[in-house]
Amino acid sequence: MQLILEKRAQASDVMNLLSPVLAILITVVMGGLIFAAMGKPPLTALYLYFIDPLTSWWSIEEVLVKAGPLVLIGVGLAVCFKANVWNIGAEGQLTVGALMGAIIPVLWGEWQSPLALLAMLCLGALGGALFALIPAWLKTHFGVNEILTSLMLVYIAQLLLDWFVRGPWKDPNGYNFPKSVSFEGWHLLPMWGDGRMHLGLVVALGAALVLFWIMRHTLKGFEIKVVGSAPRAGAFAGFSQTKTVWFCFALSGGLAGLAGLIEVAGPIGQLQPHISPNYGFTAIIVAFLGRLNPLGVIFAGILLAISYIGGEGIQIELGISSKITQMFQGMLLFFILMCDTLILYRLKWISAKPNQHTVGHTS
Amino acid sequence: MLHKSNNDAQSTLLQVKNISKKFGDFYANDMLNLSIETGKVHALLGENGAGKSTLVKMMYGALQPTSGSIHWQGQHVSIDSPAHARNLGIGMVFQHFSLFEALTVAENISLALPAQLRQGDLSQRIADLSQDYGLPLNPAALVADLSVGERQRIEIVRCLLQQPKLLIMDEPTAVLTPQEAQALFSTLRRLVEEGCAVLYISHRLEEVKQICHDATILRHGKLVAEVDPQVETAATLAQLMVGASVHQVSRDANDQVGDVLLELSHLYKGSSTPFGVDLVDVNLQVKSGEILAIAGVAGNGQGELFSVISGEECNPNQNFISLLGQISDGLNINQRRCLGAAFVPEERMGHSAVEHLSLTDNILLSRHACIDTESSLDLGWLGIDRNQLAHLNKVIGIDYDVRKSKEDAIAGSLSGGNLQKFVVGRELNRQPKVLVINQPTWGVDAGAAALIRQAVVDLSRQGSAILIISQDLDEIFELADTIAVMSRGQLSPTYAAGDLSREQIGLMMAGSHERSAQGSGA
């Protein structure tokens, strides 16, 4: 007996939906094995990690607060990946968006008006989009691989932020801590609930719905799908590959920048060296887990948000390093890519040939 | 080996008994029987999709039969892999070559040979063998610089070096000029005289009559006849292949020739890919009511010419191309469509259609930009006019006899012929004033080909200008009012179809019209 991969005649729609479910199950089982190997009770640990965050209102709120940026970035990346454009640098675009948006509270602190908040949101999106256009330009003019450039620009952005908060934008009354002034009044997003829920969640949901409509029903969405899956047919349809690259980078970068601004004008309330627990990278997993479908991304965003909160919970309760969060996220991406193989292939057992009358090669 | 031969006829080299191959629920081969004899050229005839490739892939070990058996020199064998087939003495020359363009002839051959054959002076052996069999090859030449005919010789020499007892050739003349084909036939005759057997796959009946001793005809995976091609006529063979008599394209004399609608003057275009072909000083005119056919062996710049005329590659600041009286070099493909032009590329999957999209989406592909329907298909933020698309799909399906599993099927689920009818119908439904169509019936069954050709002729007789790029001389003589020939990026002057013979076209395919000073630039 031998297990082989056999190519399917047609991509399987069922597996396309089943693959993320299967990947989550394998991740849970592997996670349980790892907990057991660490000498922790696996069932308790899994419960604390995946279920406990959903048992109290405050932790549900925390999950939603974390899901906001993941969904906002994830939907942009989903569109990008559909077009076969590989923006891996959302984390950097998020950082530059936060920096751009912070211009108003840091340099024009006296300007208090709803317009100031609106301007911050616009600047955040603009900053992320402009920063994302660097890899787009390098790709379309010099043929440089966007995976490398967008990834490397993340470190440039993070060092830029670091320099700003330790240098020119450091709060003069901040006891020399590397932080900007605290944002106040209209420089912060409206909050509600126990004080952590904010407008960003609405923005993320809105973006997901709008992009769902565009991708499902409009010519622009059709263009992105065609250029991504059949570039020559795209050229035949008169769709420009170059324009698609620019559009996708501007869109996903803009949304990542917006997410960055929302973080600093929401839960954080000021600039500091670290403003994101790798939302920009985790959103890559969110996009794939959500099947590159903006509605799917909403659910995937919530699941990955649970993994952050669960990681913190398990650290408190069982004393396991919260690095376990990154491990779970890594496993999930790994298994989902693995299970995606089954969309185009099926597993098949073949038995050894019943009667092997092979003629000898010498005769 | 001690297996007793259960075959009395000593000359039977390979015998296939009741072989079937099933893909899913579909029988690609259904209980086929075939025997190939030493010293004969055996033809395997059938339309595209009849199961010829499946059958030979099983003989060559690239596929395993679902049931049935293969006997080699009287002994039951199970051919596990192409390497096993080669060990037995079966060689195969594929329709699509697997050669590395950046390597030399000798390097390419060496890569594919088993270690023991790579010993010694391979280049010298290649040169000797190719000279001996009338297949001249320079072992040190780069493959990228060679013509398709020369590339085929590499594949043949590669097989001959292993001294096969059976040589399988899949549509070998599809890529050759008539003269090159004749040279190939002499080589095959020589091989057969030396005792080798040849399995010759083709759908060109004249050449089967010319060189083959036996013929097996397949249709829809079943064996329909075993005949002596010397006795049959091309017409009776065609009827066996297709299963019915084929519609003859009817064509009135065209006395309605009018204004020039498509004109290229002194067009130069450097290739945009490393191994592409540069277009050099291309001139042509197509008038209203006229069909101009460009003949030529594939890979001589036809693809490049198509993308320049269609506007998939546009060149602002030039004025080589005039469409309906307007200089169009700077216009993109959709602007050219809006002027009244329509285009059908050679490749169906991934170029003129997207495999995994529905038929209505595939209509949108080339019809979204210009309003030649009741109203625009693109409603902006509101989406796409799906009702109108569904209506168009229905009309095209009826008018062009597109057979599909359901009304809005996935493009990839249609057979080649039906997809081509759909693609051509999508463009002709617009009543374009200018139609440019590359290999209109490539890989299409005879019934679909006749329908497409008739539709093209009808369009021209309604006053459209039509440019056909084709490798199929039968098709060209069937359709064209005027003919030009392309070789190495250069286009011959245009001749009236009646003034040219096949031989003259063959000479021009080989480059007799080229201006030597300009060369190919390769």
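A residue is buried if 20 or more other C-beta atoms lie within 10 Å of its own, exposed if 12 or fewer, and partly exposed in between, with C-beta atoms placed from the backbone. The structure is a predicted model, in which local features need pLDDT of at least 70 and side-chain atom pairs count only at pLDDT 80 or more, while totals for chains, interfaces and linings use all residues. Residues are numbered from 1 along each chain as its sequence is written, and chains are lettered from A and ligands numbered from 1 in the order in which they are written.

**Exercise 1. Classify Q75(B) as buried, exposed or partly exposed, and place Q75(B) in the chain.**

Step 1. Q75(B) belongs to strand β5 of chain B; strands (E, at least two residues) and helices (H or I, at least four) are DSSP runs, numbered from the N terminus.

Step 2. There are 19 other C-beta atoms within 10 Å of Q75(B), so this residue is partly exposed.

Step 3. From Q75(B) to L377(B) the separation is 302 residues in sequence and 64 Å in space, C-alpha to C-alpha.

**Exercise 2. Describe the side of chain B that touches chain A.**

Step 1. Count the contacts: 29 residues of chain B meet 23 residues of chain A, where a contact requires C-beta atoms, placed from the backbone, within 7 Å.

Step 2. Assign elements: β5 (75-77), α11 (333-339) and α12 (359-367) of chain B each supply at least two residues of this side. The largest share, four residues, comes from α12(B).

Step 3. Sort by class: twelve residues on this side are nonpolar, 14 polar and three charged. Here Ala, Val, Leu, Ile, Met, Phe, Trp, Tyr, Cys and Pro count as nonpolar, Asp, Glu, Lys and Arg as charged, and the others, Gly among them, as polar.

**Exercise 3. Summarise the build of chain B and its division into domains.**

Step 1. Chain B has 17 helices and 21 strands. Its radius of gyration is 25 Å, close to the 24 Å that the globule rule gives for 522 residues, so chain B is as compact as a globular protein of that length. The radius is taken over C-alpha atoms, and the rule is 2.2 Å times the number of residues to the power 0.38.

Step 2. The C-alpha trace of chain B spans about 75 × 55 × 45 Å along its principal axes, and 45% of the 522 residues are buried.

Step 3. Of the contacts in chain B between residues at least 6 apart in sequence, 69% join residues at least 24 apart.

Step 4. Chain B is divided into domain 1 (12-242) and domain 2 (260-351 + 431-509), with bounds from an automatic or database domain assignment. The C-alpha centres of domain 1 and domain 2 of chain B lie 32 Å apart.

Step 5. Twelve residues of domain 1 of chain B are in contact with 13 residues of domain 2 of chain B. On the domain 1 side, six are nonpolar, four polar and two charged.

**Exercise 4. Examine strand β6 (90-93) of chain B and its pairing with β7(B).**

Step 1. Both faces of β6(B) are covered: I90(B) and M92(B) are buried on one side, G91(B) and V93(B) on the other.

Step 2. β6(B) pairs with β7(B) in the parallel sense over four bridges; pairing requires at least two DSSP bridges. G91(B) stands opposite L167(B) in β7(B).

**Exercise 5. Locate E171(B) and L324(B), and give the phi of each.**

Step 1. Most residues other than glycine have a negative phi.

Step 2. E171(B) has a positive phi of about 45°. E171(B) is in the loop between β7 (166-170) and α7 (178-193) of chain B, and is partly exposed, with 18 other C-beta atoms within 10 Å.

Step 3. L324(B) has a positive phi near 45°. L324(B) lies in the loop between β14 (321-323) and β15 (326-327) of chain B, and counts as partly exposed, with 18 C-beta neighbours inside 10 Å.

Notes
Two residues are in contact if their C-beta atoms, placed from the backbone, lie within 7 Å.
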